[in-house]
Every structure is written in C-alpha cells, then in structure tokens.
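Trainee: Could you take me slowly through one part of this model, the metal site, together with the aromatic residues that can be described alongside it?

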Amino acid sequence: MLSNSANTPVPDSPEPPPPGPAGRGGIAAWFGSLFPMLTGGVALGLLVGFALIGFAPGSGLTMAASGQTSAAGAAAPGAGKKLSFDIELGDMYVKPPSISVPRGADVTVNVFNKGNQQHTLALEGADTPLLDPGESATWHWGVISRSTQAWCLVAGHKDAGMLLPITIEGEPAQAVAARGAADGTGSNDTTIDASAKPAADWKPVDPTLQPAEGGTTHDVTLRVQEKILEVAPGVKQVRWTYNGTAPGPVLHGRVGDVFTIHLVNDGTMEHSIDFHASKVAPNVEMRTIKPGESLDYQFKAQFAGIFTYHCGADPMIYHMGNGMYGAVVVDPPKLAKVDKEIVLVQSELHLGPQGQPGDLKKMLAGDQDAVVFNGYYNQYALAPIKVAPGSRVRVWLDNAGPNENMAFHVVGTIFDTVWKEGAYRLRPGNAEQGGSQTLDLQPTQGGFVEFTLPDAGSYPFITHKMMNMSHGALGIFEVGGTR
Ligand SMILES: [Cu+2]
C-alpha cells in the first residue's frame, strides 16, 4: 500500500533527476509493474484514444493547439480551452489508460463506474467521493499545471491498476523525469531483523486446536477489523483481520455440523468471506459487503479436512496478503485422541512501510519478506511449543499463501500418519508401509501429520523450502526442556 505517497504534493520546481540507475519509481515503472494485472482482463488493446469532447468555442486560442510556438515561447497551448474526458472505471482498470492535456487547459472529467464494487478517481489522491457500481459523476479538475496521476482511493485499487497518468503536453522532459523518480512508489525500506527479540509483553498465538464445541451447530460472529499488528519483532503492519487476528480464529467441528457465520464489516473498505469448507453460491454467501454491512453465511460441513477461509474482495491477493485468512478444521470420523494437537497456518508477509498495509506489488511479484506460521516471524522459535517426552502429536496444516508452497518437516522425527486433502496417505499398522518426512501443500491445501518425539530435546519444525525457512518459517518443539 502506498498511501504514504497519496497526499504528497507534486513539486512545482522539481529537483533534477538523481544520478545513478533509475529507482523503482516513475510512471514507466508503474506500467511495468502492472503487466501481471493487465493479463487479467485489461487488454493491452485499451490503448485506444481518449474521448476529447466539448471543446469550448469562442476562444481565439482553441485552434492553436498544435504547432503553436509563440515568439515569446511562453503561451500555454491549452490556455482558454475547456476539455472534458469520459473515463470508465471498472474492477481494477481505468479506461482510457492515460490522458494527455495541452498545458493550460481547463479539465473536467465525466467518470462512470462500470465495475461491481465502489471506485473513484482522485486527482493526486485528493479526497473524492466513492461511486457505487453504476454511478457516475462529473468533476471539475481545472487547470493542471504539470504531469501527474489520478487514482482510485479504495485500498489496493491503485496498485492493482486503477491509476490514470495525466501527461501535460509541452512540459519539459527533465521535470517529468525528476518527478517520476521522486513520486513513483514511495520508499519502503521496512526490514525484519532476524536477531531481534519481541518485547517482554509479547504473547505468541496459542496454536492449540480447541475442542469442537458441543453439539452440531456452530454460531460464530466474525468482525472484519483493520488494525495494526506486530508481525515480527518491532515490525508493525496494518492487518486486515477477522476478529482482530491474522490468521483469523480456527473454527472446529465434525462432518455433518452446521456452521452459521455472521460476518460484520467494521472495516473501512469492502470485504467478504469465502469458506473452502462450504458448497454455496459464491455470488450470495461470498458476496462483498460495504463498511457497516453484515451478512449471514451458513454451511454444512459435508467433508472432513482442514479448509482455508479468506476474503474474496478485489484485489483478492491484497486482502489475503494483508491477513484475511483462517482455517476450518472438520474432524474425520474416528479420529483418535492425541496428547498434543495444534494448528499451523502458513502465510507470507509482503511488508509495506512501517504501520501501513502490505505491499501489493510485492505480492503480485511473489517478492515476500517473510514466510510465517500463524502470522508472526519465527513465532515458535521465539516461543517454543512445549511437548512432554513420548507424546503423540498431531499438527494440522493449512497453507494460506497467497503464493508460496509449504513443505512441512519436523527435524528429528518421521511422520507415521499423513492426511492430505481429504484422505490418509499414510497410517500406522500396515507393515508394508514406510514413513513420511515432509508434507507438501500448495496454497489453500491442507492436511495433518502425526508423530512422536521420544527423547527430550529441541526439535525444529520448518518448511523445507529453505529460503522460506530462513525467512521466518521456523518453530521448535521443546520436549522435556531443552538440553
Ligand atoms: Cu477483505
């Protein structure tokens, strides 16, 4: 999220471009970063001309738009002109993809929201009302003195492609280049210090799978809350959450149970929920709701497993990447009791500036800063999970992604039981069967493993995708105290 740059005024007298290679900023870089999105419905063919309507008659300067170079060289080519642009907003695009305005022209925009959710088009991020689907508005932008941008203010939409570059014709090229380097992405140098320790009052997420409530019905209220959470020692991000945590609460039941979810949107933007544990009409139960709205989502757990739930509001990767995911555990029949039963949800962190939401461009590029269990960097290495010697342990695993796979491994043991995506791959008792070292899960796949940790000691658990283990996906089972 680049909201830190949203209200940055464009300088009238830009500094000359800095030396050295171009940074990440600039309109060209923006377009480069948007190519992944363009493949999803905003065809390159959008490079159609823009609507230029409503030339104001009666101005002697109107026809001087091209080829004018006054003797003084100072007259603005668009001075006295009134230009009106028809601009279409859709779900993650702005059409036309750019506009060009003669310097000095007076600009009005007629903006139509043809998308299925709220959008707006704010010049330089200025406060601008949101338009509901089907709504339109006419806004007078006046004379724009320099090349700039307008974008949709809804979180994530700018990064997802809802950005309109505005070129002022006749502006000195150097000024444009300087500004591009200065404004593009804003600096985002939030980093995780792998050796940092959390504050003394930090508490890890309890990974224990709570017993399924009695009865066969589960009524749960999930409130969407956008709040600042710590994701690594000293690193805080705005997380979009269900009930204030990311991942959201683990729901637990049995096959045949009915879950009734009351979703309340206490956030500042549209959100939704999609339970992979359900078979329902997505356009009904999974519909996006506005701030202040709520919906009821009921489903019967027809299949056992551990299923992801997540927000499906556009851009989905942004809502998931900012923390809107969790797990539903539906016990298979005759599931044996174990001594220790926990849930680990793996996800990535794509850090935005400190205290801001994550960085959508990093999410789209698969450029994560960390991979974590239950939302926090090296959480269970900082606070090891205690297990009694000889205990039988079941670890439920869900990979919320949004991008990375998971290769769950516990150093120092072998899984004798593996359930993956609806079926046992391995169960004890068959002499011909071997053991399993690692459970692989793609995004939103789930399963569980069982094993024993016979001897006292420290047993690391990791994703064996090594670069991810090195970036936060490490925990420890502490058996009988470390030695
Ligand atoms: Cu959401």
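Mentor: What follows starts at the metal site and then turns to the aromatic pairs.

This is a predicted model, in which local features need pLDDT of at least 70 and side-chain atom pairs count only at pLDDT 80 or more, while totals for chains, interfaces and linings use all residues. Residues are numbered from 1 along each chain as its sequence is written, and side-chain values use heavy atoms, with hydrogens and water left out.

The copper ion is coordinated by H271 through ND1, C311 through SG, H319 through ND1 and M324 through SD, at 2.0 to 2.6 Å; donors here are N, O and S atoms within 2.8 Å of the metal (3.2 Å for Na, K and Ca), and sites may look incomplete because water is not among the atoms. For reference, the ideal angle for four tetrahedral donors is 109.5 degrees.

Along the sequence, the donor residues follow the spacing H-x39-C-x7-H-x4-M. H271, in the loop between β12 (258-265) and β13 (274-275), and M324, in the loop between α4 (316-321) and β16 (325-331), are 53 residues apart and link distant parts of the chain; helices (H or I, at least four residues) and strands (E, at least two) are DSSP runs numbered from the N terminus. H271 counts as buried because its relative accessibility is 0%, and M324 is likewise buried, with a relative accessible area of 0%, where buried means under 20% relative accessible area with a 1.4 Å probe and protein chains only.

Turning to the aromatic residues, a search of the whole structure finds 20 aromatic pairs, a pair being rings of Phe, Tyr or Trp (its six-membered ring) with centres within 6.5 Å, classed as stacked under 30 degrees between planes, edge-to-face over 60 and tilted for the rest. One of them joins W240 and Y318 edge-to-face, at 5.0 Å centre to centre and 75 degrees between the planes. This pair links strand β10 (residues 235-242), which holds W240, with helix α4, which holds Y318, across 78 residues, and both W240 and Y318 are buried.

Another pair, F275 and Y309, is tilted, at 5.2 Å centre to centre with 40 degrees between the planes. F275 lies in strand β13 and Y309 in strand β15 (residues 305-310), 34 residues apart. F275 counts as buried because its relative accessibility is 0%, and Y309 counts as buried at 0% as well.

How values were computed: Buried < 20%, exposed > 50% of the residue type's maximum accessible area, 1.4 Å probe, protein only.
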